[in-house]
Amino acid sequence: MSKTVAIYGGSFNPIHDGHTSVARSICQTGVVDEVWFMVSPLNPLKKDAVQTILPTDIRLKLAAMALSEDDNMKVSDFESKLPVPSYTITTLEELEKAYPDCEFSLIVGQDNWERFSRWYKGDEIKANHDIIVYGRNEGSGQGKQGGGVYAQVNLYKKDGSSERLDTSEHLFPLYDISSTRIRNAFKQHDLPFAAKWLHPAVFRYILENALYA
């Protein structure tokens with residue numbers, strides 16, 4: 001029986017609790033067996049970030065720290081071995097060759113889903129892989145509960161069908177946080193804000209090595 005793996009790609013500069021909560025919530029639904037965090041050497045749509053991005057090996061190390069306590073969430077350096085700039089379609093094709101016993105899907109945020117037509121061979125990705133879209137807006141019918149805000153999450157299947165993953169049994173927390181805000185917090189010496197959104201080991205490593213100073 002093949003293992004279902006959702007690929008969660010990104011710069012993760014740095015990885016934060018918003019990222020890990022997305023993956024953890026998706027794993028809890030049972031739609032995939034594992035989530036692999038695919039740390040990208042360079043996002044083709046973010047070429048202006050070259051000056052601010054940490055080296056790939058450091059971002060991989062930080063991701064490994066953040067995922068150390070989750071057995072079904074893993075960090076992968078697979079994309080760092082592929083030509084740069086890296087395109088998702090190439091990564092998926094090479095993953096299928098390297099792991100023939102796995103079935104790969106993709107996790108994207110609502111912002112990336114809305115510009116999916118700009119992705120290289122985006123239609124081909126849709127035709128061959130399920131895509132889990134993590135919405136930016138509150139889930140309809142879910143919304144706020146117990147003081148929290150929850151996202152609408154949809155699974156778009158390669159056969160053309162779709163389904164909502166956010167239900168009363170499976171809620172997806174929505175956090176107003178970004179890696180950019182965390183980097184700025186370090187630059188502005190707002191350490192309490194940065195610490196709030198980072199795994200303790202990640203926070204200590206960044207602080208001790210003055211990575212975003």
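Okay, let's start at Ser2: setting aside its neighbours within four places in sequence, Ser2 is in contact with Asp33, Asp101 and Glu103. Before I go on, please keep in mind that this is a predicted model. Ser2 sits in the segment before strand 1, which covers 3–10. With a relative accessible area of 36%, Ser2 is partly exposed.

Next, Glu34, which belongs to strand 2. Is Glu34 buried or exposed? Buried, with a relative accessible area of 11%. And what does Glu34 touch? If we skip residues up to four places away in sequence, the list is Lys3, Thr4, Val5, Ala6, Cys27, Asn72 and Lys74.

Cys27 has 10% relative accessibility and counts as buried. Cys102, at 11%, counts as buried as well. How many disulfides are there? The count comes to zero, since a pair of cysteine sulfur atoms would have to lie within 2.5 Å to qualify.

Now the helices. Let me take helix 2 first, residues 56–66. Its buried residues are Ile58, Arg59, Leu60, Leu62, Ala63 and Ala66. Those buried residues pack against helix 1, strand 2 (34–39), strand 3 (73–76) and helix 8.

The partner I'd like to stay with is helix 8. When two helices pack, we describe them by the angle between their axes and the distance between the axes. For helix 2 and helix 8, the axes come within 7 Å and cross at roughly 150°. That makes helix 2 and helix 8 roughly antiparallel to each other, because angles over 145 degrees count that way. On the helix 2 side, the contact is made by Ile58, Lys61, Leu62, Met65 and Ala66, and on the helix 8 side by Ala201, Val202, Tyr205 and Ile206. Sorted by class, the contact between helix 2 and helix 8 has eight nonpolar residues, no polar ones and one charged.

On to helix 6, residues 179–187. Which residues are buried there? They are Ser179, Ile182, Arg183, Ala185 and Phe186. They cover an arc of only 155° around the axis, so they lie on the same side of helix 6. What covers the buried residues of helix 6 includes helix 1 (17–29), helix 7 (191–197) and, once again, helix 8 (200–208). After helix 6 comes His189, which has a positive phi, near 60°.

Lys121 isn't a glycine, but it has a positive phi of about 55°. You'll find Lys121 in the loop between helix 4 (110–114) and helix 5 (122–128), and at 40% relative accessibility it counts as partly exposed. Ala210 is another residue other than glycine with a positive phi, near 50°. Ala210 is in the segment after helix 8, and it's partly exposed, with a relative accessible area of 47%.

One last stop. Where is the cis peptide bond that joins Asn13 to its partner? That bond joins Asn13 and Pro14, with omega about 5°. Pro14 is in the loop between strand 1 and helix 1.

Methods
Residues are numbered from 1 along each chain as its sequence is written. This is a predicted model: local features need pLDDT of at least 70, side-chain atom pairs count only at pLDDT 80 or more; totals for chains, interfaces and linings use all residues. Side-chain values use heavy atoms; hydrogens and water are left out. Buried means under 20% relative accessible area, exposed over 50%, partly exposed in between (1.4 Å probe, protein chains only). Helices (H or I, at least four residues) and strands (E, at least two) are DSSP runs, numbered from the N terminus. The arc is that of the directions from the helix axis to the C-beta atoms. Contact means heavy atoms within 4.5 Å. Axes are lines fitted to C-alpha atoms, for helices over the stretch in contact, and angles run from 0 to 180 degrees between N-to-C directions. Angles under 35 degrees count as roughly parallel, over 145 as roughly antiparallel, 65 to 115 as roughly perpendicular and the rest as oblique. Ala, Val, Leu, Ile, Met, Phe, Trp, Tyr, Cys and Pro count as nonpolar, Asp, Glu, Lys and Arg as charged, and the others, Gly among them, as polar.
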